[in-house]
Amino acid sequence: MMSKVFVALSTSVDGYITGRDPGAGRGLGDGPTLFDWYFDGDTPSQVFDGFRLSEASAGVFDAVAGRVGASLAGRNTYDDSGWADGGTPHPTAPLVVLSHRPLPATHERQTLVTTGIEDAVAAARKFAGDKDVGLMGGDVTSAALAAGLVDEVILHQVPVLLGGGRPFFQALPQHIELRLVEAVPAPGVTHLHYEVLRSSRTDNPR
Ligand SMILES: NC(=O)c1ccc[n+]([C@@H]2O[C@H](COP(=O)([O-])OP(=O)(O)OC[C@H]3O[C@@H](n4cnc5c(N)ncnc54)[C@H](OP(=O)(O)O)[C@@H]3O)[C@@H](O)[C@H]2O)c1
């Protein structure tokens, strides 16, 4: 079976995935963090060392993290996260970076793609094998949605209106229908798992 492409990001209720003024050396920028729920519980993650989540969040988080066979990040995520040192967002999965520009350094677990979202997703699928591809970054997510390449959208929705930052979703050529698969309320976060029903490019049922 072909691996799936999903995006699972922490987001404010008003749809921001960073605080204000994120950037290289400034991480996710100013304002309240969207990641307290990684560390505010008693249940250790089985996938990410050091994460201690509520029991409800650990179930969702580890199920998602366990699916990732490759991560695909946009250049802003790569820069802002400081991955020029070889870091990756997942402990075992390799990272594909989509950018128009060369990376400052090459590392074994990182691959640069400069030829667009289709090629980047294809490269990530190859690395993922029979596991799935996890998207990182709002711009890349919107590019993949516009190209009809996303199967699932997962919002780890934190109850805050940030009022500014980098948006999870940008303008799309047309609407995309979703089906709610699961909604899990947890302390400090609500996990909303959607299946993408229609590709915006073809408008065909998937
Ligand atoms: N809250 C969360 O869970 C979460 C998760 C992941 C990331 N983040 C944060 O989100 C922020 C980044 O999101 P973002 O939406 O600003 O950016 P992004 O999606 O990470 O990166 C966008 C960049 O990727 C490159 N790119 C995109 N499409 C391309 C294409 N078709 N061909 C070649 N290059 C392409 C371009 O870079 P160039 O043209 O400059 O090369 C573009 O400016 C970061 O601060 C990151 O830390 C938050």
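A pocket, on a 1 Å grid over the protein atoms alone, is an open set of points where a 1.4 Å probe fits, with protein on both sides within 12 Å along at least five of seven lines. Its volume is the space filled by probe spheres set on the points, which are joined across faces, edges and corners.

The model is predicted; local features need pLDDT of at least 70, side-chain atom pairs count only at pLDDT 80 or more, and totals for chains, interfaces and linings use all residues. Residues are numbered from 1 along each chain as its sequence is written, and side-chain values use heavy atoms, with hydrogens and water left out.

**View 1. The largest pocket and its lining.** The largest pocket has a volume of about 1,200 Å³. Its lining holds 47 residues (an atom within 4 Å of a grid point), and Leu 9, Thr 77, Trp 83, Met 136 and Gly 137 are the closest to the centre. Helix α2 gives the most to this lining, five residues.

**View 2. The ligand in the largest pocket.** The ligand sits in the largest pocket (more than half of its atoms lie within 2 Å of the grid points). Of the 24 residues around the ligand (a heavy atom within 4 Å), Thr 77, Asp 80, Ser 99, His 100 and Asp 139 come nearest. β1 (5–12), α2 (75–81) and α4 (138–146) each supply at least two residues of this shell, and α2 has the largest share, four residues.

View 3. A polar contact is a pair of N or O atoms within 3.5 Å. Ligand nitrogen atoms lie 2.8 Å from a polar backbone atom of Ser 10 and 2.9 Å from a backbone N or O atom of Ile 17. At His 100, a polar side-chain atom is 2.5 Å from a ligand oxygen atom.

Technical notes. A polar contact is a pair of N or O atoms within 3.5 Å; within protein, one must be able to donate a hydrogen and the other to accept it, and residues adjacent in sequence count only if both atoms are side-chain atoms.
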